[in-house]
Amino acid sequence: MDQPTAEDALKELEVLVGEWSQKATPAGGEPWPGEARSTFEWLEGSDNRLLVETSTVEMPEAPDGFCVYGCDAAEGRYYQLYTDERNVCRVYEMSIGEGEWKLWRDAEPFSQRFTAKISDDGNTIEGRWEIDE
């Protein structure tokens, strides 16, 4: 089997490009009020090799954030570099393709994962975060 190229791997990220509205509902709870939005765009000057996400949330419980997505095409692995207004910095491993998007991190102070389904038309991403303290 041929090794995927960076271009092949990065095409999988294209489904994320655009502006997304978010709805957050804690487990067993009511949806949080306030608007949440994420914008994904290719980093200028990166020739579509790095994807940048900015997110804003109108609620004190959730920080605004900034992420950079990229891949190691030789290994077929994706990564997300995450930071937010609390000065939190984390690295997540990631997979994306065939209608699924996953992020995970197994490190202190807790492990967490995100699992999402991307609709066939690419207009909806439904996912959830889980934490293991």
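**View 1. Glu53 sits in strand 3, which covers residues 51-57.** Strands here are DSSP runs of E with at least two residues, helices are runs of H or I with at least four, and both are numbered from the N terminus. This is a predicted model, in which local features need pLDDT of at least 70 and side-chain atom pairs count only at pLDDT 80 or more, while totals for chains, interfaces and linings use all residues. Residues are numbered from 1 along each chain as its sequence is written, and side-chain values use heavy atoms, with hydrogens and water left out.

**View 2. What does the side chain of Glu53 contact?** Its partner in a polar contact is the side chain of Ser38, at 3.0 Å. A polar contact is a pair of N or O atoms within 3.5 Å; within protein, one must be able to donate a hydrogen and the other to accept it, and residues adjacent in sequence count only if both atoms are side-chain atoms. Glu53 is buried (under 20% relative accessible area, 1.4 Å probe, protein chains only).

**View 3. Strand 4 (residues 65-72) meets strand 5 (residues 77-84).** The two pair in the antiparallel sense over 8 bridges; pairing requires at least two bridges found by DSSP. Look for Gly65, whose bridge partner in strand 5 is Asp84.

Terms used
Buried means under 20% relative accessible area, exposed over 50%, partly exposed in between (1.4 Å probe, protein chains only). Lys and Arg count as positive and Asp and Glu as negative; His and the chain ends are not counted. A salt bridge is a side-chain nitrogen of Lys or Arg within 4 Å of a carboxyl oxygen of Asp or Glu.
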